[in-house]
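Colleague: Could we go through the charged side-chain pairs here, one question at a time?

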Amino acid sequence: MRPMNSTYIVFLLFFSLSSCIIEPEFRIPELVNLEPEEGATSDMGTAINAFKQADTDIFTFDTDAAVIIGAYVISSDETGNFYKTLIVQDSPENPLNGLEIKIDMRSYYNKYNLGRKILLRLSGLSIQEVNGKYVVGYLSGNSLVDIPESLLDHFIIRSLETAEIVPNSISLEMISPSLINTFVTVDKVQFLKVDQGKSFASEPYDKYNGERIIEQCDNLAKSFLFTSSYADFSTNPLPEDRFRMMAVLTRDSYSGEITFILNSPDDIEFVDQKRCDPVFFECPLLPERDIKDVLYYENFERLGNTKDIEKIGWENINVNFGNARFRKRSKNENTFLQISAYDSKEYVMEVWLIGPAIDLDGSENEFLTFETRSTFEEGSLLTCWFSKDYIENVKNANWQQLDVEISVGSRDGSNEIFLNSGAVQLDCLEGKIRLAFRYLGSDPGASTTYDLDNIVIRGENSLQ
């Protein structure tokens, strides 16, 4: 037998010993600190101001200048409600500015998780204002496109820090441009009663997004919640009770509407499940009778212009001192009043049209009717009320809402049909009352247009 080579023997011995070593479980390597040594060289507000001062549609940051800003991630695509859109703000709490970053990456939550601090290298990127929000991306030709995934590590540097994002507590009337692309929480809101039973975004008319109106309980101010039809929870039924929610506040890139977007349905919290739907004043129903006496009638045909509304005894009040009011309009030889928040630039537009005092002591079996027509439908924004103690201040009077039919029209301007309110019983009321129509809309936001005409109170005149 030929003797074995000593080197070969050593090799076999080493191999046999190493094969007995138990391999440890695989561990995810710790994150290496890739932050540039100089850190942030500027801030988000300064970067936005540079774009504003450039006075151009798209501003590109100089590639030779080291423009690096710190930011915190407030959006997550884990549930599919965001797509290639990374929303960041300049501080984990009480932010002053927010940005939308276009990135060519899916499931980015695995890398840029909620609360992750990033350093955004703006040098070589471009910024644009899109319907009131600031968007950062890669310039291709004359438009912004997603930052290619192969370049993300150069432009978006992931820090070691993950902060707790503390949402700004707001009410709907507090919304301002400075809150766009920031993380907020809003309390005591609910979906409309007419939307009960609907899903977040899987109705037949939901092509890409589900657009649902939320209303605030204390004043029924309204806003939008957008949900992607591709979100994991798009088929979930809308909550029927009132709730508190945390969401990204942003603006739709196409319509410009201010809207909330959820990271997850878990960001909806039920604290007090009692809804805050209006309580209607109702008189006991009377048998139908052929009542012909007209106690009050207004068809607005006497109006020469909008200012004449006051001359015929109606008050036209914008509660928040804005310029929007009911306006005199005419079409097809018919004069009526029109109201809309569109282009008003009032995020909470509350306007009251208050009629003259009407004395019901000299009559009985009274009832009210009127006609409405709605177009550019974005939710029910018009309601009908009465007061027995209104003098000068809308907020100081006691108002009771009447249960009436209000037109629900088309999403465009094609609706030509006025809808009758139905007969609203007033016979249980005595003395003088003031009828009122309240419009509560927003721009940008829910801005349904309404036409109002032919307000009639009929009854049996007992003084004849």
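Colleague: How many salt bridges does the structure hold?

Modeller: This is a predicted model, and the pairs discussed here are read from it with that in mind. Side chains of opposite charge can pair when their charged atoms come close. For the structure as a whole, the number of salt bridges comes to 19.

Colleague: Is Glu 298 buried or exposed?

Modeller: Glu 298 forms a salt bridge with Arg 302, with 2.4 Å between the closest N and O atoms. Arg 302 has a relative accessibility of 56% and therefore counts as exposed. The relative accessible area of Glu 298 is 2%, which is under the 20% cut-off, so Glu 298 is buried.

Colleague: In which helix do Lys 311 and Asp 308 both lie?

Modeller: The side chains of these two residues, Lys 311 and Asp 308, meet in a salt bridge at 3.4 Å from N to O. Lys 311 counts as exposed at 70% relative accessibility, whereas Asp 308 is buried with a relative accessible area of 13%. They are 3 residues apart, about one turn of the helix, and the element that holds both, spanning residues 308-311, is helix α4.

Terms used
Residues are numbered from 1 along each chain as its sequence is written. This is a predicted model: local features need pLDDT of at least 70, side-chain atom pairs count only at pLDDT 80 or more; totals for chains, interfaces and linings use all residues. Side-chain values use heavy atoms; hydrogens and water are left out. A salt bridge is a side-chain nitrogen of Lys or Arg within 4 Å of a carboxyl oxygen of Asp or Glu. Buried means under 20% relative accessible area, exposed over 50%, partly exposed in between (1.4 Å probe, protein chains only). Helices (H or I, at least four residues) and strands (E, at least two) are DSSP runs, numbered from the N terminus.
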